[in-house]
Amino acid sequence: GPPYDIGIVASFGKFIPASIINRFPLGMINVHPSLLPKYRGASPIQTAIKNGDNNTGVTIQELHPRVMDGGKILAQIPYTLSNEATRLDAMLQLGHVGGKLLVKVLKNLEQVRRMAIEQDESEVTETRLLVKTDAQIYWDTMTADDIMRMFRAYYGSEPIYSFIRIKNKVKHVQIIELKHVDPKIPPINREYLNYPPGTMFFARKIPYIEVVCIDGNRLHGTRFVVSGKASNDQYQFIAGYLRGKKLTKFPRFLSAAPDLRRPTPEYIFPPDYKRPEYPKFDESINIVRG
């Protein structure tokens with residue numbers, strides 16, 4: 001007989017024909033990082049984080065030759081996602097959880113297969129292979145939470161990105177390190193809510209660039225990559241692209257690359273926009289680095 005008993009795949013992303021599955025005496029099984037039938041397909045971890053899910057998990061399923069992630073469920077285990085977990089964190093954690101579950105399934109394979117259940121097709125949700133444009137920030141509509149979830153979902157894969165305009169050039173800016181701001185931390189500019197979403201505030205000896213979002217919350221960026229060049233910390237980014245470039249006093253990230261034949265249009269808040277109130281700041285916090 002063949003020198004193997006069973007085939008195991010994880011994050012494979014392609015159909016395996018029945019002719020190959022049937023070469024294995026015990027068939028083939030798949031380890032999938034979601035609680036099927038939710039999030040079938042290529043990006044279950046990214047989709048769970050981007051959607052703000054608190055719970056995910058791992059499924060061990062029979063490999064189906066024609067339906068992606070559509071085989072019988074052999075075993076599942078839920079897992080709670082931290083609200084700060086990145087894609088890389090979740091991959092590592094779910095890898096450990098899935099590995100332990102796989103060992104249990106293999107040790108009890110005959111019994112597990114007798115108890116296997118078909119997936120409920122009415123509960124199916126699909127994910128797809130992500131592309132670079134999925135990581136584009138739309139400051140006009142995305143809240144700070146939306147942007148941070150996208151940042152965490154794509155962390156270590158496709159960095160989220162935006163655009164800045166410097167005279168007659170557009171720069172593509174990837175944001176490599178980003179943090180949500182505790183509302184109690186004093187802002188760099190006390191009137192930040194009067195500025196368009198995407199506006200950047202910076203000052204000497206402050207170790208981040210502060211960006212205001214459409215919901216009035218703020219984000220702190222500390223590492224950037226501009227148009228494919230070397231990674232810059234916030235001071236290098238400010239010195240190289242923001243300060244002394246004949247920009248407005250407080251330049252802003254743009255949701256889309258502008259038409260260079262025309263001036264960048266002034267931002268207009270939507271007619272139904274309700275300006276958030278300023279939070280109460282903790283004045284004992286010193287935002288200036290010594």
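The dialogue below goes through sheets, a helix, the nonpolar core and charged side chains.

Modeller: Please keep in mind that this is a predicted model.

Colleague: What is the order of the strands in the open sheet of 4 strands, and which are the edge strands?

Modeller: In general, strands of a sheet pair through backbone hydrogen bonds, either parallel or antiparallel. Here the order is β1-β2-β4-β5, and the pairing is mixed. The edge strands, each pairing on one side only, are β1 (7-10) and β5 (73-80). From one strand to the next, the twist averages 15 degrees.

Colleague: In what sense do β2 and β4 pair?

Modeller: Strand β2 (residues 28-32) pairs with strand β4 (residues 55-62) in the antiparallel sense, over 4 bridges. To find this pairing in the view, take Val31, whose bridge partner in β4 is Ile60.

Colleague: Which helix packs on this sheet?

Modeller: That is helix α3 (residues 87-107), which touches β1, β2, β4 and β5. The direction of α3 makes about 35 degrees with that of β4.

Colleague: Let us turn to helix α5. Is α5 mostly covered or mostly open?

Modeller: Helix α5 is mostly covered, with 8 of its 11 residues buried. Among them are Ala144, Ile147, Met148 and Phe151. The cover over these buried residues includes α2 (44-50), α3, β8 (169-180) and β11 (218-226). After the helix comes Gly156, with a positive phi near 85 degrees.

Colleague: Which residues touch the most other members of the largest nonpolar core?

Modeller: That core has 53 residues, and those touching the most other members are Ile60, Ile147, Ile160, Ile164, Ile209, Phe237 and Phe253. Its largest share, 7 residues, comes from α5. As for Ile209, its contacts beyond four places in sequence include Phe201, Leu219, Phe224, Phe237 and Leu242.

Colleague: Is Cys213 buried or exposed?

Modeller: Cys213 counts as buried because its relative accessibility is 3%, against a cut-off of 20%. This cysteine is found in the loop between β10 (209-212) and β11. Cys213 and Thr143 lie 70 residues apart in sequence, yet their C-alpha atoms are 5.9 Å apart in space. Beyond four places in sequence, Cys213 also touches other residues, including Trp139, Ile147, Pro197 and Leu219.

Colleague: How many salt bridges does the structure hold, and where should I look?

Modeller: The structure holds 11 salt bridges. One of them joins the side chains of Glu121 and Arg40, at 2.9 Å from N to O. Because Glu121 lies in the loop between α4 (109-114) and β6 (126-127) and Arg40 in strand β3 (residues 40-41), the pair ties together parts that are 81 residues apart in sequence. Glu121 is exposed, at 52% relative accessible area, whereas Arg40 is buried, at 2%.

Colleague: Which residue forms a salt bridge with Glu62?

Modeller: The partner of Glu62 is Arg113, and their closest N and O atoms are 2.7 Å apart. This pair links distant parts of the chain, with Glu62 in strand β4 and Arg113 in helix α4, 51 residues apart. Glu62 is buried, with a relative accessible area of 18%, and Arg113 is partly exposed, at 25%. By contrast, Glu110 and Arg114 both lie in helix α4, 4 residues apart, about one turn of the helix. Their salt bridge has its closest N and O atoms 3.6 Å apart, and both residues are exposed.

How values were computed:
Residues are numbered from 1 along each chain as its sequence is written. This is a predicted model: local features need pLDDT of at least 70, side-chain atom pairs count only at pLDDT 80 or more; totals for chains, interfaces and linings use all residues. Side-chain values use heavy atoms; hydrogens and water are left out. A nonpolar core is a set of buried Ala, Val, Leu, Ile, Met, Phe, Trp, Tyr and Cys residues joined through side-chain atoms within 4.5 Å. Buried means under 20% relative accessible area, exposed over 50%, partly exposed in between (1.4 Å probe, protein chains only). Helices (H or I, at least four residues) and strands (E, at least two) are DSSP runs, numbered from the N terminus. Contact means heavy atoms within 4.5 Å. Two strands pair if DSSP finds at least two bridges between them. Axes are lines fitted to C-alpha atoms, for helices over the stretch in contact, and angles run from 0 to 180 degrees between N-to-C directions. A salt bridge is a side-chain nitrogen of Lys or Arg within 4 Å of a carboxyl oxygen of Asp or Glu.
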